[in-house]
Amino acid sequence: ALFRARKCDMAFLTAVDGLFSFASQHAPELLNEDDILDFAIELWNGEEEGVLDRHRYSTAPLASCLCVGDTSHERFYRRSSCNAPILVQTLLARYAASCSNLAERGGPADLSILLWELANSSVVQIVDAFRWSKDLVPILCRGLVTILDDFDHKDFHDITVGNCVKVLSMFMTLNLKSVHDAIRCGILQIFLTVGGGERWYECGYRPERLLHALQPILVLEPIVRSTCKAMKKLADKLYYDVRDVLDEAPPRFQEEWARFNSLLLERECAFRLFKGGYAAENGVCASVRELFFFSHLLTSEFLCLSIV
């Protein structure tokens, strides 16, 4: 009762965060108790007013509970009676608000841990809510760019970047809209910075694998156009030297980045040449094995399907 009466007090929330963190390391069995989980859910829900205010809710207790036990995610979903799409929407909104004010209590680190725990959970309803969210990829990318551009490198940066890149690797390539959103919202800078900072960000091979996954989609002119704009924006960015960052990356990432750039240049040149017109020359579509004019082949849906 005393805790519930003061749950919106900043000093109290900070103390509770520390207690749950301590328990997760030294007495994790305590976090398996239903009463503890209920209290963590109550702290996460916070107050109806100021739902995005970091002084009115706490994420660390719930994140600590979900990191303990094989059935913690199912218990959370069952006991909270939450609506999965609303849960994901609230989590993303709080993450975006926290990234817009990195000096605020705790930063987005605990939110990124909760993001990863829920996205990687076995609760189908929650995973589907992430999969169908239209805001997931752009919000994560914009938040990561804000964090990576922060000159005051804080301890929580590495945790946040690592967790968010892992979530992006699960959902970014599911559809063309997500890929397009990611490119326009700074995914290339994220790949380059994370790939060059491998000793800080525990992302494994994910940056180069995602970069490789983007290459087959460069057959689409809107994607190529957006990628070229993103590359120019990255090259023109103040206080950011692409060559210096790339030099810090391991050879496997440098090779993938060079391959991506070569393919992008090739496709951009091809699309510019196509705009100049077409010769009256015939060709055979590799998909349907029929003879067409080259001008028809370019606009044929069969071309994109056969290459992708």
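**Ground rules**

I am working from a predicted model, where local features need pLDDT of at least 70, side-chain atom pairs count only at pLDDT 80 or more, and totals for chains, interfaces and linings use all residues. Residues are numbered from 1 along each chain as its sequence is written, and side-chain values use heavy atoms, with hydrogens and water left out.

**Entry: salt bridges**

I searched the whole structure and got 15 salt bridges. The cut-off is a side-chain nitrogen of Lys or Arg within 4 Å of a carboxyl oxygen of Asp or Glu.

For my own reminder: an α-helix has 3.6 residues a turn, so residues three or four places apart point the same way. Helices here are DSSP runs of H or I with at least four residues, strands are runs of E with at least two, and both are numbered from the N terminus. D181 is buried, at a relative accessible area of 10%. I use buried for under 20% relative accessible area, exposed for over 50%, and partly exposed for in between (1.4 Å probe, protein chains only).

Next I checked E208 and R252, whose side chains meet in a salt bridge at 2.2 Å, N to O. This pair links distant parts of the chain: E208 is in helix α13 (residues 206–214) and R252 is in helix α16 (residues 251–274), 44 residues apart. E208 is buried, with a relative accessible area of 7%, while R252 is partly exposed at 27%.

Then I turned to E221 and K275, where the salt bridge spans 3.7 Å, N to O. Again distant parts of the chain are linked: E221 belongs to helix α14 (residues 221–235), K275 to the loop between α16 and β1 (282–284), and they are 54 residues apart. E221 is partly exposed at 28% relative accessible area, and K275 is exposed at 63%.

I also noted a network of salt bridges that links D34, D38, R75 and R79.

**Entry: the nonpolar core**

Which residues touch the most other members of the largest nonpolar core? I got F130 and I187, in a core of 88 residues. Such a core is a set of buried Ala, Val, Leu, Ile, Met, Phe, Trp, Tyr and Cys residues joined through side-chain atoms within 4.5 Å. Helix α9 (residues 136–148) gives the most to this core, with nine residues. In soluble globular proteins, nonpolar side chains tend to be buried together.

I listed what F130 touches, leaving out residues up to four places away in sequence: V88, L91, L115, L118, A119, L136 and F171. Contact here means heavy atoms within 4.5 Å.

L115, L118 and A119 are among the buried residues of α7. That helix (residues 109–119) is mostly covered, with ten of its eleven residues buried. D110 and E117 are also among the buried ones.

V145 lies in helix α9 and is buried at 15% relative accessibility. Its C-alpha atom is 6.7 Å from that of I190, 45 residues apart along the chain. Beyond four places in sequence, V145 touches C185, G186, Q189, I190 and K237.

S178 is in helix α11 and counts as buried, at 12%.

**Entry: α12 against α13**

I described this pair by axis distance and angle: the axes of α12 (residues 187–196) and α13 come within 9 Å and cross at roughly 145 degrees. Axes are lines fitted to C-alpha atoms, for helices over the stretch in contact, and angles run from 0 to 180 degrees between N-to-C directions.

From α12, L188, F191, V194 and G195 meet P207, L210, L211 and L214 of α13. The contact residues divide into seven nonpolar, one polar and no charged. In that count, Ala, Val, Leu, Ile, Met, Phe, Trp, Tyr, Cys and Pro are nonpolar, Asp, Glu, Lys and Arg are charged, and the others, Gly among them, are polar.

**Entry: S81**

I stopped at S81, where phi is near 50 degrees, a positive value in a residue other than glycine. S81 lies in the loop between α5 (72–80) and α6 (84–99), and is exposed at 62% relative accessible area.
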